[in-house]
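I opened a new notebook page for this structure.

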Amino acid sequence: MLRQVKPRNARSKRALEKREPKAVENPKQCLFLRGTSCSQVVQDALNDLYSLHLPLAKKFTKKNPIHPFEDATSLEFFSEKNDASLLVFGSSQKKRPHAMTFIRTFGYKVLDMLELYLDPETFRTMAQFKNKKFAIGLRPMLVFAGTAFESPVTNEFTLAKSLLLDFFKGEPADKIDVEGLQYIISVTAEDTTGDGDAKPAIHLRAYMIQTKRSGQKLPRVEVEEIGPRMDFRVGRVKEADESMLKEAMKKARGLEERPKKNITTDSMGDKIGRVHLGRQDLSELQLRKMKALKRSRNDDGEVADVIDDDATKRIKR
């Protein structure tokens, strides 16, 4: 644990205030670490994920004797020292080859962890795709496909979806420019084959969006794979503690928009308003006694005179 340091000057005071809890938190910084034994495949994968997360990323190149699921004190130390809420730890052992552990912290304490095993046969780096890449700092569009991600019960796949959403979402933005939507991150989970022990694999792909002429008003949209190409198998999981997760999910008061009475939004995003009227007395309704439907005596005489005039004109002819 880091000792509590009192600020000695204005610069250190601003640095400490920057790390204090806020109503609107800063964008999450990610720290990339490697263990004492780390294969070249995992190192290349860490480099590609690091480039995808720039500029909110830091990477350590030295070896660190860390075992995340046995002792997480070193991870918590690095998280507080570098002000990083996300960590990705790469290691490779005989029992767990090509392992990548995604770690999320709250208050510089480990909240949850997920271990993924990378398939070295199908792995392709970004450098192996000889095409145009996206600019640094752009936010991707995320697509999750597969019934495993839609499970109502919390499991390793719903945790993987939550961690990857936090990893790729970047800085919060109220307004998004369409020109900045240049690439897609697609995460797909295979359908279960019926085997009890086999878990579906997770496929991560990145595509560049291209718009071409279509001869119509709207352009033709095509996608081109730019890498990296990663296939994962789910390994060990550390779920979040209920009390800690409840504390992490709290929202600051005054930020949420107050719901307006009698106004709802349907599944299509349209606003629907409900109007409440007072109690109506049906006995006061005018049905047959309306003046517009009643014919007076003068109206009957005028009609008779018109008929008589027409009859005399016919006789004279």
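My entries follow, starting with the ground rules.

**Ground rules.** I am working with a predicted model, where local features need pLDDT of at least 70, side-chain atom pairs count only at pLDDT 80 or more, and totals for chains, interfaces and linings use all residues. Residues are numbered from 1 along each chain as its sequence is written, and side-chain values use heavy atoms, with hydrogens and water left out.

**Cores.** I began with nonpolar cores, meaning sets of buried Ala, Val, Leu, Ile, Met, Phe, Trp, Tyr and Cys residues joined through side-chain atoms within 4.5 Å. Buried stands for under 20% relative accessible area, exposed for over 50%, and partly exposed for what lies in between (1.4 Å probe, protein chains only). The largest nonpolar core holds 42 residues. Within this core, L49 and M100 have the most contacts. Helix α4, residues 156–168, gives the most to this core, with seven residues. Helices (H or I, at least four residues) and strands (E, at least two) are DSSP runs, numbered from the N terminus. Another core lies apart from the largest one. This other core has 12 residues, including L75, L87, F89 and I103.

Next I asked which residues L49 is in contact with, leaving aside neighbours within four places in sequence. Contact means heavy atoms within 4.5 Å. I found F32, M100, F102, F167, F168 and M230.

**Peptide bonds and phi.** I kept one rule in mind: most residues other than glycine have a negative phi, and most peptide bonds are trans. Then I listed exceptions.

- L54 and P55 are joined by a cis peptide bond, with omega about 5 degrees. I located P55 in the loop between α2 (40–53) and β2 (57–63).
- G227 to P228 is also a cis peptide bond, with omega near 0 degrees. P228 sits in the loop between β9 (220–225) and β10 (230–238).
- D83 is not a glycine, yet its phi is positive, about 55 degrees. I placed D83 in the loop between α3 (73–82) and β3 (86–91). D83 counts as partly exposed because its relative accessibility is 26%.
- Y108, a residue other than glycine, has a positive phi near 60 degrees. Y108 is in the loop between β4 (99–106) and β5 (109–118).

**S79.** Is S79 buried or exposed? S79 is buried, because its relative accessible area is 0%. I found S79 in helix α3. Not counting residues up to four places away in sequence, S79 touches A84, L87, T105 and Y108. Y108 is the residue I had noted for its positive phi, and L87 belongs to the core of 12 residues.
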